Amino acid sequence: MRLLDVQNLYKSYDGSSFAVNNLSFEMEDKDFIVLLGLSGSGKSTLLRCINRLIEPTRGDVRYKGESIIALKGKDLRHYRRNIAMVFQQFNLIKNLSVLTNVLTGRLGYHGIGSAYGKAEISSAMHNLERVGLQDFAQKQVKQLSGGQQQRVAIARALMQEPRIILADEPVASLDPATADSIMQYLAEINQEGIAVICSLHFLSLARRYGTRVLALKDGIKAFEGLPSQIDRLRFKEIYGEEAEEI
Ligand SMILES: Nc1ncnc2c1ncn2[C@@H]1O[C@H](COP(=O)(O)OP(=O)(O)O)[C@@H](O)[C@H]1O
Ligand SMILES: [Mg+2]
């Protein structure tokens, strides 16, 4: 059974134009899908439709064979535990400690009021170790570099015990070397069995880390296939005639 099955998905914000336009694709258990496309091509809209942060206008999203389009309340919360998000701007609480931020990844399991248990704290420490930040647990997030903050966000995502990580331009605010190291952490996590959809600007990173590429242009699928299949011609189809690869 497919982990994720997106079928003829449409999203319109204004009722006339489509930010995602008749998009279909499938994701297997081990996929690391890189989502490419110019700014405004619909990447964030697609990722948000997958975890129902926004409501698709039409079409279906199936998780392990079941439609998630009509889920509500408890069922929607339970579905969302499977899907963790990582954002360009990290979305951490800067005045709180690294450990506290990582623990907020458990909020989908118990309400805001209840305290974290010993098992959760030890799992948070384990996840900080996975991203090489075990010595930073008590530091305030604002004392960390951008790359370190994104690693905290990845550790927080892991606290959900997700099946899928949706990373929305996770390296767009980072310098190239730091960006590459963040991608390596995502690749390791993917190899440990978590499927990843990651939107990126740079084709070089897509080539290095993607097992598959999905490219959008004006909300429409412009390419789907292996990173190695993106030649000069395909590149121009995705980014436009004027674009040059850097
Ligand atoms: N909340 C919103 N309300 C109205 N239009 C939006 C909203 N979010 C995105 N859009 C529009 O949808 C299109 C796709 O945007 P987006 O999904 O953010 O693309 P990307 O992430 O690839 O930059 C753009 O035309 C954008 O202006
Ligand atoms: Mg975006």
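How far does a polar side-chain atom of Ser44 lie from an oxygen atom of ligand 1? I looked this up in the model, which is predicted. The separation is 2.8 Å.

**Entry 1: ligand 1.** I next examined other polar atoms facing the ligand. Lys43 also places a polar side-chain atom 2.8 Å from an oxygen atom of ligand 1. For Gly42, I found a polar backbone atom 3.1 Å from an oxygen atom of the ligand. I then consulted the accessible area: ligand 1 taken alone exposes 560 Å², of which the protein buries 55%.

**Entry 2: the shell.** I listed the residues around ligand 1 and found a run from Leu38 through Ser39, Gly40, Ser41, Gly42, Lys43 and Ser44 to Thr45, together with Tyr13 and Ala19. By class, I recorded 3 nonpolar, 6 polar and 1 charged residue in this shell.

**Entry 3: the sheet.** I traced an open sheet of 6 strands with mixed pairing, in the order β6-β7-β8-β3-β9-β10. I noted that β6 (83–87) and β10 (220–225) are the edge strands; each has a single partner, so one side of each lacks a neighbour in the sheet. From one strand to the next, the twist averages 15°.

**Entry 4: β3 and β8.** I inspected the pairing of β3 (residues 32–36) with β8 (residues 195–199). These strands run parallel and are joined by 4 bridges. Within β8, Ile197 is the residue opposite Ile33.

**Entry 5: helix α5.** Finally, I asked which strands helix α5 touches as it packs on the sheet. The helix (residues 146–158) touches β6 and β7 (164–168). I recorded an angle of about 170° between the direction of α5 and that of β6.

Notes: Residues are numbered from 1 along each chain as its sequence is written. Chains are lettered from A and ligands numbered from 1 in the order in which they are written. This is a predicted model: local features need pLDDT of at least 70, side-chain atom pairs count only at pLDDT 80 or more; totals for chains, interfaces and linings use all residues. Side-chain values use heavy atoms; hydrogens and water are left out. A residue is near a molecule or strand if one of its heavy atoms lies within 4 Å of it. A polar contact is a pair of N or O atoms within 3.5 Å; within protein, one must be able to donate a hydrogen and the other to accept it, and residues adjacent in sequence count only if both atoms are side-chain atoms. Accessible areas come from the Shrake-Rupley method with a 1.4 Å probe; for residues, only the protein chains shown count as cover. Ala, Val, Leu, Ile, Met, Phe, Trp, Tyr, Cys and Pro count as nonpolar, Asp, Glu, Lys and Arg as charged, and the others, Gly among them, as polar. Two strands pair if DSSP finds at least two bridges between them. Helices (H or I, at least four residues) and strands (E, at least two) are DSSP runs, numbered from the N terminus. Axes are lines fitted to C-alpha atoms, for helices over the stretch in contact, and angles run from 0 to 180 degrees between N-to-C directions. Contact means heavy atoms within 4.5 Å.
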